[in-house]
Amino acid sequence: MKLGKAANIATRSLTPNKPHHAQWLITRKCNYRCRGCNVWGEQDKNELSADEIKKGLDILKDLGIVEIVFSGGDPLLREDAGEIVEYASRHFVTTVYDNGSMAAKKIEALRNVDFVAISLDSMDPAKMDYIKGVKGSLEKALNSIETLRKEGINVAVTPTISQQNLYEILDITKHFTQKGIPVWYCLYSFDLSSDEKQLFRIGKANDEFVIKDKHAMVELCDSLLEMKKKNKNILVTTQLLKAMRSLYAEDKRTWKCRALQNFFIIDHMGRIGGCHNHNFAGSVFDLPKMWKTKEFDELRETYRECTQCTYLCYIFYSLHGGPSGNLALAKQQWRNAKFLLRGGKH
Ligand code: SF4
Ligand code: SF4
């Protein structure tokens, strides 16, 4: 990471009352068939061009966004992924999500990215294929991780914790973190929204994936909290693990949602929503005039009281949304920046 970019990011992180994070689902194209995900079954060939996305990125920078996550579908299925990622990487801490099948083939597109997150849900090839709905998914994910490492590109592994892999998560964590590969988690969640006009659907509850063994989940949180004291490669924060623990131990939500305040989501057509579960609130191109409106403030109030999901990234950016949270995130960004300036070596 260039020094100018790192300094700029640290400054934006410390500026109060600004959104911190945006996730941009730049395509709906997907070559996987994951159970519990609707995206592959609800395709839309329309999507913004690279130039339109760049214009949107300029707007996000002016709004104060620090971090961009590109996902989809699989963002690397776009021919112009490299151009988009390179542009974003100039100004944001940029992460690209890949289902594991594309990163090794798109190394040049990923040269400038800060992190590539590879989705890996099991070390058992048959189980991984079952979850992903395609053959050879584990081999492809491992190959992507290895190739990115060899090329000197920062890679993290992101298992989605569900009942399917609950008892494997500690082993997966140990396996990768011992090799110096950081781990971040997603949490299996599903759409509870009754809003017919939700921005897009991920999927209804799938009984095989819903976490039923809450006791094991609490134990997992305790183990990760303990491991995290000595293991810098567990990227989720202590606060997030504690929030997850409360959710499963006491059915208690220890956070208020900060959708459309600290974070928001953008779809492949440039529509923005606080999260994917609610109707879109406008277009990315209208953000400068809409961000401070009464209409947006009212939506923020509604989202603050919403308890309709447990998507881990939404919880994370809600937990770290206040002034002290922003400071914690700023410190984390600065650590990342130093890490990147040192060429990714711990
Ligand atoms: S979870 Fe991701 S990789 Fe899997 S089908 Fe859905 S969009 Fe594709
Ligand atoms: S809790 Fe927040 S992120 Fe989750 S559905 Fe409600 S508004 Fe969206």
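Predicted model: local features only at pLDDT ≥ 70, side-chain atom pairs only at ≥ 80, totals over all residues.
Q: Which residues surround ligand 2?

A: A residue is taken as near a molecule if its C-beta atom, placed from the backbone, lies within 6 Å of it. Around ligand 2 this gives Cys-257, Ala-259, Gly-274, Cys-275, Asn-277 and His-278, together with Tyr-303, Cys-306, Thr-307, Gln-308, Cys-309 and Tyr-314.

Q: Which residues surround ligand 1, and how does its shell divide by class?

A: Ligand 1 has around it Cys-30, Tyr-32, Arg-33, Cys-34, Cys-37, Val-39 and Trp-40, and also Gly-72, Gly-73, Asp-74 and Asn-99. Six residues of this shell are nonpolar, three are polar and two are charged.

Q: Where in the chain does Arg-33 lie, and is Arg-33 buried or exposed?

A: Helices (H or I, at least four residues) and strands (E, at least two) are DSSP runs, numbered from the N terminus, and Arg-33 falls in the loop between strand S1 (21-25) and helix H2 (50-63). A residue is buried if 20 or more other C-beta atoms, placed from the backbone, lie within 10 Å of its own, exposed if 12 or fewer, and partly exposed in between. Arg-33 counts as exposed because it has 11 C-beta neighbours inside 10 Å. Residues in contact have their C-beta atoms within 7 Å, and, leaving aside residues up to four places away in sequence, Arg-33 touches Trp-40, Gly-133 and Val-134. The C-alpha atoms of Arg-33 and Ile-131 are 8.4 Å apart, although 98 residues separate the two along the chain.

Q: What is the peptide bond from Gly-72 to Gly-73, cis or trans?

A: The bond from Gly-72 to Gly-73 is cis, with omega near 25°, and Gly-73 belongs to the loop between strand S2 (67-71) and helix H3 (81-89). Both glycines are listed among the residues surrounding ligand 1.

Q: How many helices and strands has the chain, and what share of its residues is buried?

A: The secondary structure of the chain comes to 13 helices and ten strands, and buried residues make up 44% of its 346 residues. Of the contacts between residues at least 6 apart in sequence, 73% join residues at least 24 apart.

Q: Which residues have the most contacts inside the largest nonpolar core?

A: In soluble globular proteins, nonpolar side chains tend to be buried together. A nonpolar core is here a set of buried Ala, Val, Leu, Ile, Met, Phe, Trp, Tyr and Cys residues joined through C-beta atoms within 7 Å. The largest such core has 85 residues, and those with the most contacts inside it are Val-85, Val-116 and Ile-118. Helix H12 (residues 312-319) contributes the largest share of this core, seven residues. Not counting residues up to four places away in sequence, Ile-118 touches Asp-98, Gly-100, Ala-103, Ala-141, Ser-144, Ile-145, Val-155, Val-157 and Thr-158.

Q: At what angle do helices H5 and H6 pack?

A: Axes are lines fitted to C-alpha atoms, for helices over the stretch in contact, and angles run from 0 to 180 degrees between N-to-C directions. Helix H5 (residues 125-132) and helix H6 (residues 137-150) pack at about 100°, with their axes 7 Å apart. Angles under 35 degrees count as roughly parallel, over 145 as roughly antiparallel, 65 to 115 as roughly perpendicular and the rest as oblique, and H5 and H6 are therefore roughly perpendicular to each other. Pro-125, Met-128, Asp-129 and Lys-132 in H5 meet Ser-137, Leu-138 and Glu-139 in H6; these residues divide into three nonpolar, one polar and three charged.

Q: Is Leu-260 buried or exposed, and which residues does Phe-296 touch?

A: Leu-260 is buried, with 24 other C-beta atoms within 10 Å, and has a positive phi of about 65° although it is not a glycine. Leu-260 lies in the loop between helix H9 (238-250) and strand S8 (263-266). Asp-251, placed in the loop between H9 and S8, has a phi near 55°, also positive in a residue other than glycine, but Asp-251 is exposed, with 8 other C-beta atoms within 10 Å. Phe-296, in helix H11 (residues 294-305), touches Leu-260, Ala-281, Met-290 and Trp-291, not counting residues up to four places away in sequence. Phe-296 counts as partly exposed because it has 18 C-beta neighbours inside 10 Å.

Note on methods. Residues numbered from 1 in each chain as written. Chains lettered and ligands numbered in written order. Nonpolar A, V, L, I, M, F, W, Y, C, P; charged D, E, K, R; others polar. Contact = placed C-beta atoms within 7 Å.
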